[in-house]
Amino acid sequence: MKSVRFYILTILVFASQVLFAQIAFETSVSKSNLGLNQRFKIEFSVDKQGADNFKPPSFSDFKVVGGPSSSVSQSWINGKASYSQTYIYILEPKNEGEFTIEPATIEYNDEIVKSNSVNITVSKAVEIPKDPNNPDYIAQQNIHLVAEVSNLNPYVGEGIYVVYKLYVSENISVNDWRVTESPQYNGFWNQDIDVTEINVQKGKYNGEDYRYIVLKKAVLIPQRDGELIVEPMRMDFSVGIPTGRGDFFGNMITRNISYATESPVKSVRVKALPEEGKPIDFSGAVGEFEFKVSADKNVLHANEAAQIKVEVSGSGNLKLFEIPKIITPAELEAYTPEHKESVTTSLSGLRGTISDAYTVVPQFKGKYKIPEVSFSYFNPKEEKYSTILAEAVFVEVTDGKELPASNNDTATSYKKNVVTNGNNFRFIALDTTFKPIVKTDFLHSVEFYLLLLLPFLVIPIGILIGKKRAKRASDIFGNKIRNANKLARKYLSEAKKQLGKKEAFYIALEKALHNFLKAKLQIETSEISKEKIAELLQYKGVDAATIGEFITVLNDCDFARYTPTTDVMMKNEYEKTVEILTEIDKQL
């Protein structure tokens, strides 16, 4: 009877342990029905400590506009402990429809645990209510992203420009912003103009005073006629909205919200180039140009090289048409031209010079003519075609072989193909493919002696490598430094992958620090304060300076998520952390 009770008690204890060991991992959303222009928050919550390696689902149908961020809460009420860790994202839908967000995963006790999936219904964009107390409405009325196009009715090939400006009223403040989608210029050749400095300027928007900055500039050259669309630029902002209340010192209290907007779509109606009066040699040049053909030498010896330069200069679509080609007499051997471009891009379009340089080498004495070359272009300001005729270029060869025939001062001849018959030598072969009939024996060959001496060369090399390895193995201090550095980089591998992503980088960095201490101190350091961590490290014999640097990095992880930072600052933080963990590992 006692044994039966013992077995029953054992089963109950085991069942209670299994019950208490169960983990809850849940997905929740702030709203499951929303408009295309709205956002929602999704949270993944786990109720057990020790759960690690969280992996979110693929948000392929949504744009991540915030996160990932995490929060941890734990309490002890009436002798009962509770714990919760939450991973948070802010999402924005890309399209209308019904979508399913698949489960996230996390590891607990060497097992993969999945959360539940959630369904989201996205309808058409909803109108933001005109409520003066609604922060989104206030942001909408005070932030304007504008695209200014210089000419909405250009010709094909005529350069225009677009400038994107951000107007912000004096009533609100913009704390942070980023471009989420760059504009597309389908049907245009385009080139961005670097905006090197962001300068705040005063201006008017709808007759009211605004501050504005220039975000982006680009030169556009339409490639076909008809209606072309300049797609919008999309941006996200962190906006400070006044609450109407003041603090103790009388300063206005603001509330920060996330806000997204885009520039309006611009429609450009492109005119086709007129067919009337179009020259036969027109190759698509549009703008205002000059054209010339010149030689660097007009008098030279036989076999001496001269350079004939064909050059187009001015402003217009310089990179989008071909330069006219010259025709040289047969007696002047001409090589493939060298193409050069010296073109600058500004809001006035493309301006500069393009050229082809031909190298010619004469073979016979005489005077040779390179015929006139014409270049045609369309001038959009005058709305007509123009043709420039470059004068002929003469090259005189003062010595060399005489041509068999000449006409006045200009020699004319034609190269003839060589005709061969059976009595002529076609060529003299300098190389053969014959192989000797009698082959050299392997014995006493060069290969034989090389293989014979090879062991005598390998043995000293092996001894040298062995000594080097033994010396390295005996270097206890050096090995400890190398192992410490390897361990530090192992824990920081995830942080290195997230370089450039501020929020994810500092979360991974903080996690690496705690995992490192967990491995070295055999305790869960994420549950204790920084002061307690400092005491434990001091007890283990780590010097005060190293401890101070470690705590500084922990503090940086907390503050850097909410303050502006750069890729360079994150890289420096990473390298600093590697050094600190290496130093701690050496001292423990």
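What follows is a conversation about reading a predicted model, from the whole chain down to single residues.

Visitor: How do I read a nonpolar core? Which residues touch the most other members of the largest one?

Guide: Think of a core as buried nonpolar residues linked through their side chains. The largest one here has 36 residues, and V162, L166, Y185, F188, L220, V239 and L273 are the ones touching the most other members. Several elements give two or more residues to this core, among them α2 (135–142), β11 (143–149), β16 (208–222) and β18 (234–246). Strand β12 gives the most, with five residues.

Visitor: Take L273. Which residues is L273 in contact with, beyond its close neighbours in sequence?

Guide: Setting aside residues within four places in sequence, L273 is in contact with Y155, V156, F282, V286, F378 and Y385. There is also another core apart from the largest one, with 27 residues, including L492, F516, L517 and I547.

Visitor: Now helix packing. At what angle do α6 and α7 pack?

Guide: For a helix pair, look at the angle, the distance between axes and the residues that touch. Helix α6 (residues 502–521) and helix α7 (residues 530–539) pack at about 40°, with axes 12 Å apart. The two helices are therefore oblique to each other, and their crossing is left-handed. On the α6 side the contact is made by H514, L517 and L521, and on the α7 side by I533, L536 and L537. By class, that gives five nonpolar, one polar and no charged residues.

Visitor: How do α6 and α9 cross?

Guide: Helix α9 covers residues 567–587, and its axis comes within 12 Å of the α6 axis, crossing at roughly 0°. Angles under 35 degrees count as roughly parallel, so α6 is roughly parallel to α9. Among the contact residues are F505, L509 and F516 of α6, and Y574, L581 and I584 of α9. The residues of this contact divide into nine nonpolar, one polar and four charged.

Visitor: Down to single residues, then. Is T105 buried or exposed?

Guide: The cut-off for buried is under 20% relative accessible area. T105 has 18%, so T105 counts as buried. This residue is found in strand β8 (residues 105–108). Not counting residues up to four places away in sequence, T105 touches F25, N53, F54, K55, I112, V113 and K114.

Visitor: What about V361, and where does V361 sit?

Guide: V361 is in strand β26 (residues 349–362), and at 13% relative accessibility V361 is buried too. A305 is 56 residues away from V361 in sequence, yet their C-alpha atoms are 4.7 Å apart. Beyond four places in sequence, V361 touches N303, E304, A305, E331, L332, E333 and Y335.

Visitor: One more: which residues is E26 in contact with?

Guide: Leaving out neighbours within four places in sequence, E26 is in contact with E43, F44, S45, S115 and N116. E26 is in strand β1 (residues 25–29). For a spacing check, E26 and D47 are 21 residues apart in sequence and 9.1 Å apart, C-alpha to C-alpha.

Terms used:
Residues are numbered from 1 along each chain as its sequence is written. This is a predicted model: local features need pLDDT of at least 70, side-chain atom pairs count only at pLDDT 80 or more; totals for chains, interfaces and linings use all residues. Side-chain values use heavy atoms; hydrogens and water are left out. A nonpolar core is a set of buried Ala, Val, Leu, Ile, Met, Phe, Trp, Tyr and Cys residues joined through side-chain atoms within 4.5 Å. Buried means under 20% relative accessible area, exposed over 50%, partly exposed in between (1.4 Å probe, protein chains only). Helices (H or I, at least four residues) and strands (E, at least two) are DSSP runs, numbered from the N terminus. Contact means heavy atoms within 4.5 Å. Axes are lines fitted to C-alpha atoms, for helices over the stretch in contact, and angles run from 0 to 180 degrees between N-to-C directions. Angles under 35 degrees count as roughly parallel, over 145 as roughly antiparallel, 65 to 115 as roughly perpendicular and the rest as oblique. A crossing is left-handed if the near helix is turned anticlockwise from the far one by less than a right angle, and right-handed if clockwise. Ala, Val, Leu, Ile, Met, Phe, Trp, Tyr, Cys and Pro count as nonpolar, Asp, Glu, Lys and Arg as charged, and the others, Gly among them, as polar.
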